[in-house]
Amino acid sequence: MSQNDRFQALVNTAIGLEEKHVCVVVHPCDEVSLSSAVQAGKLNLFTPVLVGPEERIRQVAREHDLDIGGLQIINTEHSHASADAAVAEVQAGRATLMMKGSLHSDELLHSVLCYNGGLRTERRISHVFVMDVPRYDKLLFITDGAINIFPTLCEKADIIRNAIDLHLALGLDTPRVAILSAVEQINEKMQSTIDAAALCKMADRGQIKGGILDGPLAMDNAISPEAAAIKGIRSEVAGHAQILVVPDLEAGNMLVKNLTFLSGADAAGIVLGARVPIILTSRADSERTRLASCAVATVYAESLIKNRAIGK
């Protein structure tokens, strides 16, 4: 599948779902977030409910010629109240998706984790970038480059579980998970190599399920069959990784931005581990990537509902 088709395939899958999900759009008081919600609604990716100061939202709509006439607006006084009200909508069962507007991610996540019990689950919250990279023959998941700064071993295990669940929910095959470091050998002075070895053993013992794990792997060994062969690394993952697990947020963020700005990759992304998926949009995102993020979240929300229905 060509690069231009990969994100479109995700959008088509989301549009084709029988159930139309409701997404609370938190404080959409700028053109990027409001237009993203309006466009997603027009495409039937989900039904947006706008949560924020009503007059400010309507002013943005007028300034940018956005039609919000048919959309529900939940009026709030300020961004923190918007985040709390959006969480309350999910808690009441009136929404199955959440989308960040023009408030800081930390402010939104504070309400997600704390307000009136929040939207916590047994999982650590984490972020996954879904990358459409030229010259790579598959979608590439990178985690966590946005939420967890220096994750512990147990937190990394949840980060991997979240990414595996997303990969499977999108209808992709059993993911090959590369746990990255600077080298492919275990080095006592490099904690990321020790964590990688422990995570692989956890997978061997059934503590992490649904994917094939290998690590530590350097970036070249993870994605290049030639580099893996030169180093004599033989595994199902080396050279063919679909999920890249980075050592920390700094490494993940730099990797994603390198791929985006130097390699022309597109990066959709969502937050996982809460009761509903959370779409984080950026002013630097193109319309294509924003819609892909909406599609990924919608398909994942559908999977969460089905799994809860059968008791998974």
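**Cavity and pockets**

Tutor: In this predicted model, the largest cavity has a volume of about 40 Å³, and the structure holds one cavity of 30 Å³ or more. Its lining is made up of K156, I179, L180, S192, D195, A196, L199, V245, V246 and P247. Helix α7 (191-204) provides the largest share of that lining, four residues, while both β7 (176-180) and α7 supply at least two residues each. By class, the lining of the largest cavity divides into seven nonpolar residues, one polar and two charged.

From the cavity we can turn to the pockets. The largest pocket has a volume of about 930 Å³, and 36 residues line it, with F129, L280, T281, S282 and D285 lying nearest its centre. Several elements each contribute at least two residues to this lining, namely α2 (31-42), α5 (105-114), β5 (126-132), α10 (249-263), β10 (266-272) and α11 (287-309); of the contributions to the lining of the largest pocket, that of α10 is the most, at six residues. The lining of the largest pocket consists of 14 nonpolar, 15 polar and seven charged residues.

The second largest pocket holds about 430 Å³ of space and is lined by 15 residues, of which R123, D165, Y300, L304 and N307 are nearest its centre. Here α6 (153-169) and α11 each give at least two residues to the lining, and the largest share, five residues, comes from α11. The lining of the second largest pocket has five nonpolar, five polar and five charged residues. Most residues other than glycine have a negative phi, and most peptide bonds are trans. A cis peptide bond, with omega of about 0°, joins T143 and D144, and D144 is found in the loop between β6 and α6. Another cis peptide bond runs from G215 to P216, with omega near 5°, and P216 lies in strand β8 (residues 212-217). As for phi, N116 is not a glycine but has a positive value of about 50°; N116 sits in the loop between α5 and β5 and counts as exposed, because its relative accessibility is 61%, where over 50% is required. R135, in the loop between β5 and β6, has a positive phi near 70°, and R135 is exposed, with a relative accessible area of 90%.

The loop between β5 and β6 (140-143) also holds K138, which counts as buried because its relative accessibility is 15%, under the 20% cut-off. Leaving aside residues up to four places away in sequence, K138 touches R6, R176, H240, A241 and Q242, and its side chain makes a polar contact of 2.5 Å with the side chain of D137. Finally, UniProt, in an unreviewed entry, places the feature "domain: Phosphate acetyl/butaryl transferase" at residues 85-297; that span is 40% helix and 18% strand, and its end C-alpha atoms lie 20 Å apart.

Technical notes: Residues are numbered from 1 along each chain as its sequence is written. This is a predicted model: local features need pLDDT of at least 70, side-chain atom pairs count only at pLDDT 80 or more; totals for chains, interfaces and linings use all residues. Side-chain values use heavy atoms; hydrogens and water are left out. On a 1 Å grid over the protein atoms alone, a cavity is a set of points where a 1.4 Å probe fits but cannot get out, and a pocket is an open set with protein on both sides within 12 Å along at least five of seven lines; lining residues have an atom within 4 Å of a point. Grid points are joined across faces, edges and corners, and a volume is the space filled by probe spheres set on the points. Ala, Val, Leu, Ile, Met, Phe, Trp, Tyr, Cys and Pro count as nonpolar, Asp, Glu, Lys and Arg as charged, and the others, Gly among them, as polar. Buried means under 20% relative accessible area, exposed over 50%, partly exposed in between (1.4 Å probe, protein chains only). Contact means heavy atoms within 4.5 Å. A polar contact is a pair of N or O atoms within 3.5 Å; within protein, one must be able to donate a hydrogen and the other to accept it, and residues adjacent in sequence count only if both atoms are side-chain atoms. UniProt positions are given in the numbering used here, feature names are shortened, and annotations may be inferred rather than shown by experiment.
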